[in-house]
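Please look over the sequence and the model below before reading on.

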Amino acid sequence: MNIKNSRTKNKKIIKNNNNMSSSSETPARNIIGNGTMIKGEIESNGDIRIDGKVIGSLKSTGKGVVGQNGYIEGDVRCKQADFSGMVKGTITVEELTSLKSTSRVEGELVTKQLYIEVGALFTGKCEMGKVDTPKVEKK
C-alpha cells in the first residue's frame, strides 16, 4: 500500500493506491479516528471509516462509513455508504446507501438503493437509479 501526501495551495491530498500484485491481496481498510480533522481530498482504493472530521472530498472504490461521531462536509463518492454521523454535501453512491438512526444528512444524494432507519434525518434531494462507478486515479 502506498500513501502519498502532497500539498498544493494549502490543499492536502491523501491517496491510498493499492498496487495489488496478486489476487489474494485485499484492498486497504482506512480509519480517520475520533479527534482527527482532515481538510482536503481523500482518495482510497479500499474501504474507509470516518470517526473524525473531514472538510473536503472523499472518493473510495469501496465502502464509505461515517461513524456516529463522524462528520463530512463536501463531496462523497463511493461504492457503498453506511452513515451514522453527519454528512453535508453531494453524495454519489454506486450501490446501497444506509442511513442509520443517528445519521444527519444534508444535500444531494444520488444512489442505486436507499435504506433509512427510523430516527435518521435527511434534508435535500435524492435521485435513485443507475450510478456511474467511482474512479480513483492510480499512479
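In β12, isoleucine 116 is the bridge partner of leucine 99. Strand β12 (residues 104-116) and β11 pair in the parallel sense over 12 bridges, where pairing requires that DSSP finds at least two bridges between two strands, and where strands (E, at least two residues) are DSSP runs numbered from the N terminus. This is a predicted model, in which local features need pLDDT of at least 70 and side-chain atom pairs count only at pLDDT 80 or more, while totals for chains, interfaces and linings use all residues. Residues are numbered from 1 along each chain as its sequence is written, and side-chain values use heavy atoms, with hydrogens and water left out.

**Other strands paired with β11**
- Strand β8 (residues 71-73) runs parallel to β11 and is joined to it by 3 bridges, with isoleucine 72 standing opposite valine 87 of β11.
- Strand β9 (residues 76-78) is likewise parallel to β11, with 3 bridges between them, and cysteine 78 has valine 93 in β11 as its bridge partner.
- Strand β10 (residues 80-83) is joined to β11 by 3 bridges, again in parallel, and here alanine 81 stands opposite threonine 97 of β11.

**Lysine 88**
- Lysine 88 lies in strand β11 (residues 86-99), and it counts as partly exposed because its relative accessibility is 29%, the class between buried (under 20% relative accessible area) and exposed (over 50%), with a 1.4 Å probe and protein chains only.
- Leaving aside neighbours within four places in sequence, lysine 88 is in contact (heavy atoms within 4.5 Å) with Tyr71, Ile72, Glu73, Gly74 and Glu106.
- Arginine 104 is 16 residues from lysine 88 in sequence, and their C-alpha atoms are 8.3 Å apart in space.

Methods: Helices (H or I, at least four residues) and strands (E, at least two) are DSSP runs, numbered from the N terminus.
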